[in-house]
Amino acid sequence: MIAEMIAVIGLGYVGLPMSLMMAANGLAVTGVDINEEVISSLKNGKTTFDEEGMDALYARAVENGIRFDTSCPKADTYIVSVPTPYMKLSKKIDPTYVTSAVSGVLDVCEKGCLIVVESTISPGTIDTHVRPLIEKRGLKIGGDVHLAHAPERIFPGNTLYELKNVSRTIGADSREIAERVRAIYSSFCTAEISLTDIRTAEMSKVVENTYRDINIAYANELARICRVTGLDVYETIRIANTHPRVNILNPGPGVGGHCIPIDPWFLVGDYPGLANLIFTARKCNDSMPEYVLERACDIMREHGIKDVSRVGLYGISYKEDVDDTRESPTLQILKCMEKHLSFGVKAYDPFVKKPVMDGQYMDFNEFLSSVDLVIIMVGHTHIIENMDALKSKVVLDTKNVCPFETAHRL
(Lines give C-alpha, C1' and ligand atoms only; values in the text may rest on other atoms or scores of the structure.)
Protein backbone atom coordinates (compact mmCIF):
# COMPACT_ATOMS: atom_id res chain seq x y z
CA MET A 1 0.00 0.00 0.00
CA ILE A 2 1.30 3.45 -0.97
CA ALA A 3 1.50 5.64 2.13
CA GLU A 4 1.69 8.96 0.27
CA MET A 5 -0.97 11.63 0.57
CA ILE A 6 -2.00 12.70 -2.94
CA ALA A 7 -3.76 15.87 -4.04
CA VAL A 8 -5.28 16.03 -7.53
CA ILE A 9 -5.58 19.64 -8.71
CA GLY A 10 -8.41 20.09 -11.21
CA LEU A 11 -11.48 17.84 -11.17
CA GLY A 12 -12.56 17.91 -14.78
CA TYR A 13 -12.93 15.11 -17.31
CA VAL A 14 -9.45 13.80 -16.45
CA GLY A 15 -8.78 14.81 -12.86
CA LEU A 16 -12.04 13.61 -11.34
CA PRO A 17 -12.06 10.04 -12.67
CA MET A 18 -8.36 9.66 -11.91
CA SER A 19 -8.74 10.88 -8.33
CA LEU A 20 -11.68 8.53 -7.83
CA MET A 21 -9.72 5.65 -9.38
CA MET A 22 -6.75 6.17 -7.07
CA ALA A 23 -8.94 6.50 -3.98
CA ALA A 24 -10.97 3.44 -4.94
CA ASN A 25 -7.71 1.51 -5.11
CA GLY A 26 -6.68 2.47 -1.60
CA LEU A 27 -4.66 5.68 -1.98
CA ALA A 28 -5.21 8.67 0.31
CA VAL A 29 -6.55 11.34 -2.06
CA THR A 30 -7.88 14.88 -1.87
CA GLY A 31 -9.53 16.23 -5.01
CA VAL A 32 -9.10 20.00 -5.41
CA ASP A 33 -10.93 22.42 -7.68
CA ILE A 34 -11.40 26.18 -7.48
CA ASN A 35 -14.99 25.81 -8.72
CA GLU A 36 -17.11 25.80 -5.58
CA GLU A 37 -20.08 24.29 -7.42
CA VAL A 38 -17.98 21.28 -8.45
CA ILE A 39 -16.77 20.69 -4.90
CA SER A 40 -20.25 21.20 -3.46
CA SER A 41 -21.71 18.68 -5.89
CA LEU A 42 -19.06 16.09 -5.09
CA LYS A 43 -19.43 16.59 -1.36
CA ASN A 44 -23.16 16.10 -1.73
CA GLY A 45 -22.80 12.78 -3.50
CA LYS A 46 -23.18 13.77 -7.16
CA THR A 47 -20.54 13.52 -9.87
CA THR A 48 -20.31 16.43 -12.29
CA PHE A 49 -20.54 14.65 -15.65
CA ASP A 50 -21.89 11.41 -17.05
CA GLU A 51 -19.53 8.50 -17.61
CA GLU A 52 -20.34 4.81 -17.44
CA GLY A 53 -19.25 3.38 -14.10
CA MET A 54 -18.53 6.77 -12.48
CA ASP A 55 -21.20 6.54 -9.81
CA ALA A 56 -20.01 3.13 -8.63
CA LEU A 57 -16.39 4.33 -8.66
CA TYR A 58 -17.38 7.45 -6.72
CA ALA A 59 -19.07 5.31 -4.08
CA ARG A 60 -15.95 3.19 -3.64
CA ALA A 61 -13.74 6.28 -3.44
CA VAL A 62 -15.96 7.88 -0.80
CA GLU A 63 -15.98 4.65 1.18
CA ASN A 64 -12.17 4.75 1.13
CA GLY A 65 -12.10 8.32 2.47
CA ILE A 66 -11.55 10.59 -0.56
CA ARG A 67 -11.88 14.27 0.29
CA PHE A 68 -12.87 17.25 -1.87
CA ASP A 69 -11.78 20.84 -1.26
CA THR A 70 -11.37 24.21 -2.94
CA SER A 71 -8.08 24.77 -1.11
CA CYS A 72 -4.85 22.98 -1.84
CA PRO A 73 -3.83 20.80 1.15
CA LYS A 74 -0.43 19.68 2.31
CA ALA A 75 0.43 16.48 0.48
CA ASP A 76 3.37 14.34 -0.57
CA THR A 77 2.38 14.33 -4.26
CA TYR A 78 0.40 16.86 -6.26
CA ILE A 79 -1.06 15.85 -9.63
CA VAL A 80 -1.94 18.88 -11.77
CA SER A 81 -4.79 18.16 -14.18
CA VAL A 82 -6.05 21.52 -15.41
CA PRO A 83 -6.92 22.89 -18.88
CA THR A 84 -4.21 23.95 -21.32
CA PRO A 85 -5.76 26.12 -24.05
CA TYR A 86 -3.77 27.84 -26.75
CA MET A 87 -3.54 31.54 -27.54
CA LYS A 88 -5.55 32.24 -30.70
CA LEU A 89 -3.11 34.71 -32.22
CA SER A 90 0.28 33.10 -31.57
CA LYS A 91 -0.99 29.48 -31.41
CA LYS A 92 1.31 28.95 -28.41
CA ILE A 93 0.14 27.26 -25.24
CA ASP A 94 -1.56 29.38 -22.62
CA PRO A 95 0.12 28.06 -19.47
CA THR A 96 -1.94 30.18 -17.06
CA TYR A 97 -3.97 27.32 -15.56
CA VAL A 98 -0.87 25.18 -15.03
CA THR A 99 1.26 27.96 -13.53
CA SER A 100 -1.61 29.05 -11.28
CA ALA A 101 -2.06 25.48 -10.01
CA VAL A 102 1.67 25.07 -9.41
CA SER A 103 1.82 28.39 -7.58
CA GLY A 104 -0.98 27.23 -5.32
CA VAL A 105 0.96 24.05 -4.57
CA LEU A 106 4.12 25.99 -3.76
CA ASP A 107 2.17 28.08 -1.25
CA VAL A 108 1.52 25.02 0.93
CA CYS A 109 3.90 22.22 -0.02
CA GLU A 110 6.65 20.87 2.20
CA LYS A 111 10.23 19.93 1.37
CA GLY A 112 10.57 16.85 -0.81
CA CYS A 113 7.11 17.07 -2.38
CA LEU A 114 6.48 15.83 -5.91
CA ILE A 115 4.57 17.81 -8.54
CA VAL A 116 3.29 15.74 -11.46
CA VAL A 117 1.86 17.69 -14.39
CA GLU A 118 -0.84 15.52 -15.94
CA SER A 119 -2.17 18.23 -18.28
CA THR A 120 -1.17 18.01 -21.92
CA ILE A 121 1.47 20.68 -22.51
CA SER A 122 3.70 21.81 -25.35
CA PRO A 123 7.28 20.52 -25.43
CA GLY A 124 9.40 22.65 -23.12
CA THR A 125 6.54 24.00 -21.01
CA ILE A 126 7.92 22.68 -17.74
CA ASP A 127 11.37 24.12 -18.49
CA THR A 128 9.98 27.48 -19.62
CA HIS A 129 7.11 28.05 -17.22
CA VAL A 130 7.17 25.63 -14.27
CA ARG A 131 10.83 25.45 -13.23
CA PRO A 132 11.22 29.25 -13.08
CA LEU A 133 8.21 29.46 -10.72
CA ILE A 134 9.89 27.07 -8.33
CA GLU A 135 13.29 28.71 -8.58
CA LYS A 136 11.81 32.17 -7.92
CA ARG A 137 10.61 30.83 -4.57
CA GLY A 138 14.21 30.00 -3.70
CA LEU A 139 13.44 26.28 -3.86
CA LYS A 140 15.82 23.68 -5.26
CA ILE A 141 14.42 21.37 -7.92
CA GLY A 142 15.45 17.83 -7.16
CA GLY A 143 15.67 18.58 -3.43
CA ASP A 144 12.92 20.83 -2.15
CA VAL A 145 10.57 20.00 -5.04
CA HIS A 146 10.59 17.14 -7.54
CA LEU A 147 9.01 17.38 -10.99
CA ALA A 148 7.45 14.87 -13.37
CA HIS A 149 5.13 14.81 -16.36
CA ALA A 150 2.57 12.04 -16.88
CA PRO A 151 0.34 13.15 -19.77
CA GLU A 152 -3.19 11.76 -19.67
CA ARG A 153 -4.34 9.25 -22.27
CA ILE A 154 -8.09 8.91 -22.00
CA PHE A 155 -11.02 8.68 -24.38
CA PRO A 156 -14.18 10.32 -22.99
CA GLY A 157 -16.97 7.80 -22.93
CA ASN A 158 -14.50 5.04 -22.10
CA THR A 159 -12.46 6.86 -19.47
CA LEU A 160 -12.47 4.33 -16.65
CA TYR A 161 -11.48 1.44 -18.88
CA GLU A 162 -8.67 3.46 -20.44
CA LEU A 163 -7.33 4.70 -17.11
CA LYS A 164 -6.81 1.07 -16.19
CA ASN A 165 -5.83 -0.51 -19.51
CA VAL A 166 -4.06 2.08 -21.69
CA SER A 167 -0.28 2.38 -21.41
CA ARG A 168 1.18 5.51 -19.83
CA THR A 169 4.31 7.62 -20.16
CA ILE A 170 6.14 9.20 -17.24
CA GLY A 171 8.83 11.80 -17.73
CA ALA A 172 11.04 12.79 -14.80
CA ASP A 173 14.42 14.30 -13.99
CA SER A 174 15.67 11.09 -12.42
CA ARG A 175 14.95 7.38 -12.45
CA GLU A 176 14.17 7.50 -8.75
CA ILE A 177 11.39 10.07 -9.20
CA ALA A 178 10.06 8.28 -12.28
CA GLU A 179 9.76 5.07 -10.27
CA ARG A 180 8.00 6.96 -7.49
CA VAL A 181 5.40 8.19 -9.97
CA ARG A 182 5.13 4.77 -11.58
CA ALA A 183 4.30 3.24 -8.18
CA ILE A 184 1.38 5.67 -7.83
CA TYR A 185 0.02 5.07 -11.32
CA SER A 186 0.51 1.31 -11.03
CA SER A 187 -2.08 1.36 -8.26
CA PHE A 188 -4.77 1.59 -10.95
CA CYS A 189 -3.05 1.19 -14.36
CA THR A 190 -2.36 -2.42 -15.38
CA ALA A 191 -0.82 -1.52 -18.75
CA GLU A 192 2.81 -0.78 -19.59
CA ILE A 193 4.20 2.42 -18.05
CA SER A 194 7.16 3.84 -19.97
CA LEU A 195 9.78 5.99 -18.26
CA THR A 196 11.61 8.79 -20.04
CA ASP A 197 12.71 12.41 -19.58
CA ILE A 198 10.24 15.25 -19.19
CA ARG A 199 10.68 16.89 -22.60
CA THR A 200 10.23 13.59 -24.43
CA ALA A 201 7.06 12.92 -22.44
CA GLU A 202 5.78 16.39 -23.33
CA MET A 203 6.48 15.85 -27.03
CA SER A 204 5.12 12.31 -27.22
CA LYS A 205 1.62 13.31 -26.08
CA VAL A 206 1.38 16.24 -28.48
CA VAL A 207 2.64 14.02 -31.30
CA GLU A 208 -0.03 11.39 -30.58
CA ASN A 209 -2.86 13.87 -30.96
CA THR A 210 -1.27 15.60 -33.94
CA TYR A 211 -1.01 12.27 -35.77
CA ARG A 212 -4.75 11.73 -35.39
CA ASP A 213 -5.52 15.30 -36.46
CA ILE A 214 -3.54 14.85 -39.67
CA ASN A 215 -5.26 11.53 -40.42
CA ILE A 216 -8.69 13.11 -39.90
CA ALA A 217 -7.74 16.04 -42.12
CA TYR A 218 -6.74 13.62 -44.88
CA ALA A 219 -10.16 11.95 -44.65
CA ASN A 220 -11.93 15.32 -44.66
CA GLU A 221 -9.99 16.43 -47.72
CA LEU A 222 -10.86 13.16 -49.45
CA ALA A 223 -14.54 13.84 -48.70
CA ARG A 224 -14.35 17.15 -50.53
CA ILE A 225 -12.51 15.63 -53.48
CA CYS A 226 -14.99 12.77 -53.74
CA ARG A 227 -17.91 15.20 -53.56
CA VAL A 228 -16.55 17.11 -56.58
CA THR A 229 -15.83 13.93 -58.54
CA GLY A 230 -19.10 12.21 -57.68
CA LEU A 231 -17.51 9.38 -55.72
CA ASP A 232 -18.53 7.79 -52.41
CA VAL A 233 -15.79 8.73 -49.96
CA TYR A 234 -16.84 6.04 -47.46
CA GLU A 235 -16.65 3.28 -50.05
CA THR A 236 -13.33 4.66 -51.27
CA ILE A 237 -11.88 4.63 -47.75
CA ARG A 238 -13.32 1.19 -47.00
CA ILE A 239 -11.58 -0.32 -50.00
CA ALA A 240 -8.31 1.55 -49.38
CA ASN A 241 -8.29 0.26 -45.80
CA THR A 242 -8.32 -3.34 -46.98
CA HIS A 243 -4.61 -2.79 -47.68
CA PRO A 244 -2.71 -4.08 -44.62
CA ARG A 245 -0.68 -0.87 -44.25
CA VAL A 246 -3.49 1.66 -44.74
CA ASN A 247 -5.77 2.91 -41.96
CA ILE A 248 -7.65 6.03 -43.03
CA LEU A 249 -10.14 7.43 -40.52
CA ASN A 250 -13.61 8.59 -41.52
CA PRO A 251 -14.41 12.21 -42.40
CA GLY A 252 -16.66 14.24 -40.16
CA PRO A 253 -18.12 17.69 -39.48
CA GLY A 254 -15.06 18.91 -37.59
CA VAL A 255 -12.81 17.99 -34.70
CA GLY A 256 -13.79 18.61 -31.09
CA GLY A 257 -12.69 17.71 -27.60
CA HIS A 258 -9.97 18.79 -25.24
CA CYS A 259 -6.94 17.46 -27.13
CA ILE A 260 -6.97 16.95 -30.90
CA PRO A 261 -8.19 20.42 -31.97
CA ILE A 262 -5.82 22.13 -29.53
CA ASP A 263 -2.54 20.26 -29.08
CA PRO A 264 -1.32 20.46 -32.71
CA TRP A 265 -1.45 24.24 -32.46
CA PHE A 266 1.25 24.03 -29.79
CA LEU A 267 3.70 22.74 -32.41
CA VAL A 268 2.53 25.30 -34.97
CA GLY A 269 3.01 28.10 -32.46
CA ASP A 270 6.40 26.92 -31.22
CA TYR A 271 7.84 25.89 -34.59
CA PRO A 272 6.47 28.25 -37.26
CA GLY A 273 7.82 27.41 -40.67
CA LEU A 274 8.56 23.83 -39.64
CA ALA A 275 5.10 22.53 -38.74
CA ASN A 276 3.69 23.13 -42.22
CA LEU A 277 1.79 19.86 -42.63
CA ILE A 278 0.41 20.18 -39.12
CA PHE A 279 -0.76 23.74 -39.85
CA THR A 280 -2.50 22.67 -43.06
CA ALA A 281 -4.26 19.80 -41.30
CA ARG A 282 -5.50 22.11 -38.56
CA LYS A 283 -6.85 24.59 -41.11
CA CYS A 284 -8.59 21.79 -42.98
CA ASN A 285 -10.30 20.41 -39.90
CA ASP A 286 -11.22 23.84 -38.59
CA SER A 287 -12.92 24.58 -41.93
CA MET A 288 -15.22 21.54 -41.82
CA PRO A 289 -18.11 23.24 -39.96
CA GLU A 290 -18.13 25.85 -42.72
CA TYR A 291 -18.16 23.05 -45.31
CA VAL A 292 -21.12 21.38 -43.54
CA LEU A 293 -22.94 24.71 -43.66
CA GLU A 294 -22.30 24.98 -47.41
CA ARG A 295 -23.67 21.45 -47.91
CA ALA A 296 -26.72 22.34 -45.80
CA CYS A 297 -27.40 25.45 -47.88
CA ASP A 298 -27.23 23.43 -51.11
CA ILE A 299 -29.62 20.84 -49.67
CA MET A 300 -32.03 23.54 -48.48
CA ARG A 301 -32.15 24.99 -51.99
CA GLU A 302 -32.62 21.52 -53.51
CA HIS A 303 -35.59 20.77 -51.25
CA GLY A 304 -37.07 24.26 -51.20
CA ILE A 305 -36.38 24.85 -47.50
CA LYS A 306 -36.12 28.62 -47.10
CA ASP A 307 -36.53 29.06 -43.36
CA VAL A 308 -33.35 28.37 -41.36
CA SER A 309 -35.47 27.83 -38.26
CA ARG A 310 -36.65 24.59 -39.88
CA VAL A 311 -33.07 23.27 -39.74
CA GLY A 312 -32.11 21.09 -36.79
CA LEU A 313 -28.71 19.94 -35.61
CA TYR A 314 -28.75 16.54 -33.94
CA GLY A 315 -25.89 16.28 -31.47
CA ILE A 316 -24.23 19.05 -29.46
CA SER A 317 -21.43 17.08 -27.77
CA TYR A 318 -18.17 16.68 -29.63
CA LYS A 319 -18.38 12.89 -29.92
CA GLU A 320 -20.66 9.92 -29.56
CA ASP A 321 -22.41 9.00 -26.30
CA VAL A 322 -20.85 11.66 -24.04
CA ASP A 323 -22.05 15.02 -22.70
CA ASP A 324 -18.74 16.82 -23.35
CA THR A 325 -19.26 19.91 -25.56
CA ARG A 326 -15.69 21.23 -25.54
CA GLU A 327 -14.71 22.50 -29.03
CA SER A 328 -17.90 20.87 -30.35
CA PRO A 329 -18.29 21.05 -34.16
CA THR A 330 -21.97 21.81 -33.56
CA LEU A 331 -21.12 24.90 -31.54
CA GLN A 332 -18.58 25.81 -34.21
CA ILE A 333 -21.18 25.52 -36.97
CA LEU A 334 -23.52 27.78 -35.02
CA LYS A 335 -20.88 30.50 -35.20
CA CYS A 336 -20.71 29.98 -38.95
CA MET A 337 -24.51 30.24 -39.19
CA GLU A 338 -24.49 33.47 -37.25
CA LYS A 339 -22.16 34.89 -39.89
CA HIS A 340 -24.08 33.66 -42.94
CA LEU A 341 -27.72 33.09 -42.00
CA SER A 342 -30.35 34.64 -39.81
CA PHE A 343 -30.19 32.90 -36.46
CA GLY A 344 -32.87 30.41 -35.43
CA VAL A 345 -31.42 26.95 -36.05
CA LYS A 346 -32.47 24.31 -33.53
CA ALA A 347 -30.52 21.56 -31.81
CA TYR A 348 -30.98 18.49 -29.65
CA ASP A 349 -28.66 16.14 -27.81
CA PRO A 350 -29.87 13.35 -25.51
CA PHE A 351 -26.68 13.60 -23.42
CA VAL A 352 -26.52 17.39 -22.99
CA LYS A 353 -29.06 18.00 -20.24
CA LYS A 354 -28.25 21.65 -19.54
CA PRO A 355 -28.90 24.53 -21.99
CA VAL A 356 -25.72 25.53 -23.84
CA MET A 357 -27.24 27.42 -26.79
CA ASP A 358 -30.34 29.20 -28.02
CA GLY A 359 -32.80 26.93 -29.79
CA GLN A 360 -31.79 23.86 -27.83
CA TYR A 361 -34.56 21.32 -27.29
CA MET A 362 -34.72 18.90 -24.38
CA ASP A 363 -37.30 16.60 -25.98
CA PHE A 364 -36.45 14.58 -29.08
CA ASN A 365 -39.98 14.45 -30.50
CA GLU A 366 -40.54 18.17 -30.02
CA PHE A 367 -37.24 18.80 -31.76
CA LEU A 368 -38.21 16.66 -34.77
CA SER A 369 -41.64 18.22 -35.08
CA SER A 370 -40.08 21.67 -35.38
CA VAL A 371 -37.64 20.94 -38.24
CA ASP A 372 -37.62 19.74 -41.85
CA LEU A 373 -33.87 19.25 -42.33
CA VAL A 374 -31.95 17.25 -39.73
CA ILE A 375 -28.17 17.49 -39.79
CA ILE A 376 -26.67 14.54 -37.93
CA MET A 377 -23.58 16.00 -36.28
CA VAL A 378 -22.97 13.21 -33.75
CA GLY A 379 -23.66 9.51 -34.24
CA HIS A 380 -25.05 8.83 -30.78
CA THR A 381 -26.39 5.34 -30.17
CA HIS A 382 -29.70 7.12 -29.51
CA ILE A 383 -30.11 8.32 -33.10
CA ILE A 384 -29.06 4.97 -34.53
CA GLU A 385 -31.75 3.27 -32.45
CA ASN A 386 -34.35 5.90 -33.41
CA MET A 387 -33.49 6.30 -37.08
CA ASP A 388 -37.03 5.50 -38.23
CA ALA A 389 -38.13 8.80 -36.70
CA LEU A 390 -36.18 10.59 -39.45
CA LYS A 391 -37.91 8.89 -42.39
CA SER A 392 -40.08 11.91 -43.12
CA LYS A 393 -37.19 14.37 -42.82
CA VAL A 394 -34.52 15.60 -45.16
CA VAL A 395 -31.26 14.31 -43.66
CA LEU A 396 -27.67 15.50 -43.97
CA ASP A 397 -25.63 12.76 -42.34
CA THR A 398 -22.10 13.94 -41.50
CA LYS A 399 -21.29 10.73 -39.57
CA ASN A 400 -22.39 8.07 -42.08
CA VAL A 401 -24.82 6.42 -39.66
CA CYS A 402 -28.10 6.90 -41.54
CA PRO A 403 -29.03 3.92 -43.75
CA PHE A 404 -31.55 5.78 -45.93
CA GLU A 405 -30.62 5.96 -49.60
CA THR A 406 -32.15 9.46 -49.69
CA ALA A 407 -29.84 10.78 -46.97
CA HIS A 408 -27.27 13.35 -48.05
CA ARG A 409 -23.68 12.87 -46.93
CA LEU A 410 -20.46 14.83 -46.76
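Me: In this predicted model, what makes strand 13 and strand 14 a pair, and which residue stands opposite Leu396?
Reply: Leu396 stands opposite His408 in strand 14. Two strands count as paired if DSSP finds at least two bridges between them. Two bridges join strand 13 to strand 14, and the two run parallel, so the pair meets the requirement of at least two bridges.

Me: And what makes strand 12 a partner of strand 13?
Reply: The same test of at least two bridges applies. Strand 12 and strand 13 pair in the parallel sense over four bridges, with Val374 opposite Val395 in strand 13. Val374 is also the bridge partner of Gly312.

Me: Why are strand 11 and strand 14 said to stand at the edges?
Reply: The open sheet has six strands in the order 11-10-9-12-13-14, with parallel pairing. Strand 11 (360-361) and strand 14 (408-409) each have a single partner strand, so one side of each is left without a neighbour in the sheet.

Me: How do you know that both faces of strand 13 are covered?
Reply: Side chains in a regular strand alternate between the two faces of the sheet. In strand 13 (residues 394-397), Val394 and Leu396 lie on one side, Val395 and Asp397 on the other, and all are buried. Buried means under 20% relative accessible area, so both faces of strand 13 are called covered.

Me: Why do the buried residues of helix 2 count as lining one face?
Reply: Val38, Ile39, Ser41 and Leu42 are the buried residues of helix 2 (residues 36-43). Seen down the helix axis, they fall within an arc of 160°, so they line one face. The face turned away from that buried side carries the exposed residues Glu36, Glu37 and Lys43.

Me: What covers the buried residues of helix 2?
Reply: The cover includes helix 1 (15-24), strand 2 (28-32), helix 3 (54-63) and strand 3 (67-69).

Me: Happy to move on to the second largest pocket: what is its volume, and which residues are closest to its centre?
Reply: Its volume is about 850 Å³. Of the 37 residues lining this pocket, the closest to the centre are Phe155, Arg212, Ile216, Ile260 and Lys319.

Me: What gives the most to that lining, and how do its residues divide by class?
Reply: Helix 8 (residues 198-229) gives the most, with five residues. By class, the lining has 17 nonpolar, 11 polar and nine charged residues.

Methods
Residues are numbered from 1 along each chain as its sequence is written. This is a predicted model: local features need pLDDT of at least 70, side-chain atom pairs count only at pLDDT 80 or more; totals for chains, interfaces and linings use all residues. Side-chain values use heavy atoms; hydrogens and water are left out. On a 1 Å grid over the protein atoms alone, a cavity is a set of points where a 1.4 Å probe fits but cannot get out, and a pocket is an open set with protein on both sides within 12 Å along at least five of seven lines; lining residues have an atom within 4 Å of a point. Grid points are joined across faces, edges and corners, and a volume is the space filled by probe spheres set on the points. Ala, Val, Leu, Ile, Met, Phe, Trp, Tyr, Cys and Pro count as nonpolar, Asp, Glu, Lys and Arg as charged, and the others, Gly among them, as polar. Buried means under 20% relative accessible area, exposed over 50%, partly exposed in between (1.4 Å probe, protein chains only). The arc is that of the directions from the helix axis to the C-beta atoms. Contact means heavy atoms within 4.5 Å.
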